[in-house]
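Hello,

Here is the model I promised to send over. My notes on it follow below, so do have it open while you read.

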Amino acid sequence: MSENPQNPENPQDPRKPENSGSPEIEREPGSVGTPDGAGKPDGAGASESAGEPARGGAPGEPEESTDSVHDTTADHDVRVPVTPAAPAPEQSGRRRLAAAFWPPRASRAQLIVALLLFVLGLGLAIQVSSTSDNSALRGARQEDLVRILDELDDRTQRLEDEKSRLEKQRTELESSSDQAEEARKQTQEKEQQLGILAGTVAAEGPGITLTVGDPSGAVESDMLLDAIQELRAAGAEAIQVNGVRVVADSYFTGGGDDMRIDGTKVTAPYVFKVIGKPEDLEPALNIPGGVVQTLEKEQATATVERSAKIIVDALRPAKRPDYAQSSS
């Protein structure tokens, strides 16, 4: 054990305070200026107090140090031995991939972009779904498309004719000196037109005659109903089948030997007398996949003849409504 000499003549020593009666004690590594026994290994302070005399005497006397090691708090860092950690087990590719995606690490901007992309994709999916569901013409055949186009053209022309007629009536009413008489005249004409549509008035005019033969009894009521619908779509204004007037509320039942129209039994051949524009009625029946081809597939015969004058004289009784009344 050596004593640390004091050098009062060395003013450059930073560890020696000026005018100090006792020199600074140089401590062992790990003591770091703590009281006796603190920072030492277990049992160091106890052994010193039990078996060794207490260091330091009267005030002003220097204390002895067991080591001549420099103060580590001023010159050196405390070096504590570190036990090397055990190497982490090598992860598989699947675990590394899972660790990269979970837990998710996303910023606010990334979340906003993901939300916008989700909304955009949802809108596109809804639009595509609605377009594919509502497009009834997507799977139609070429002949069906041609027929639909022809029917649309015919309806457009009929609407234009109706518009011209109504404008003519308005002009006549406005320019007539006796507007009451003109209004009465137009009312009578309207009554005749409505009577023709309702089947309560006989009618005549250009049209066609459709004759359907059924030698094998394969014609069903729905085939005749399809023919009626095709003729109405082509502009038929009055229809009569085997002496039965066909109107808006007519119905077909049965088939073969028990075909009925509005409860009235009819037998083959079925003769359709139709008043309308022949140039529109005949092509509507003869288009590819139309009424004529459908009947021929069922081993039935269908012939169409144009005529400048067709008479539809089968009448239906006028029914008086039970609840509806005129508002004029």
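Strand 2 (residues 238–241) and strand 7 run antiparallel and are joined by four bridges; strands here are DSSP runs of E with at least two residues, numbered from the N terminus, and two strands pair if DSSP finds at least two bridges between them. Within this pairing, isoleucine 239 has valine 274 of strand 7 as its bridge partner.

Strand 7 (residues 270–275) also pairs with strand 1 (residues 203–213), again in the antiparallel sense, over six bridges. There, glycine 207 is partnered by isoleucine 275.

Before going further, please note that this is a predicted model: local features need pLDDT of at least 70, side-chain atom pairs count only at pLDDT 80 or more, and totals for chains, interfaces and linings use all residues. Residues are numbered from 1 along each chain as its sequence is written, and side-chain values use heavy atoms, with hydrogens and water left out.

There is also an open sheet of three strands, in the order 4-5-6, with antiparallel pairing. Strand 4 (252–253) and strand 6 (264–266) are at its edges with a single partner strand each, so one side of each has no neighbour in the sheet. Two bridges connect strand 4 to strand 5 (residues 259–261), and phenylalanine 252 sits opposite isoleucine 261 of strand 5.

As for the whole protein, 23% of its 328 residues count as buried (under 20% relative accessible area, 1.4 Å probe, protein chains only). Of the contacts (heavy atoms within 4.5 Å) with a separation of 6 or more, 73% are between residues 24 or more positions apart.

Best wishes

Definitions and conventions
Buried < 20%, exposed > 50% of the residue type's maximum accessible area, 1.4 Å probe, protein only.
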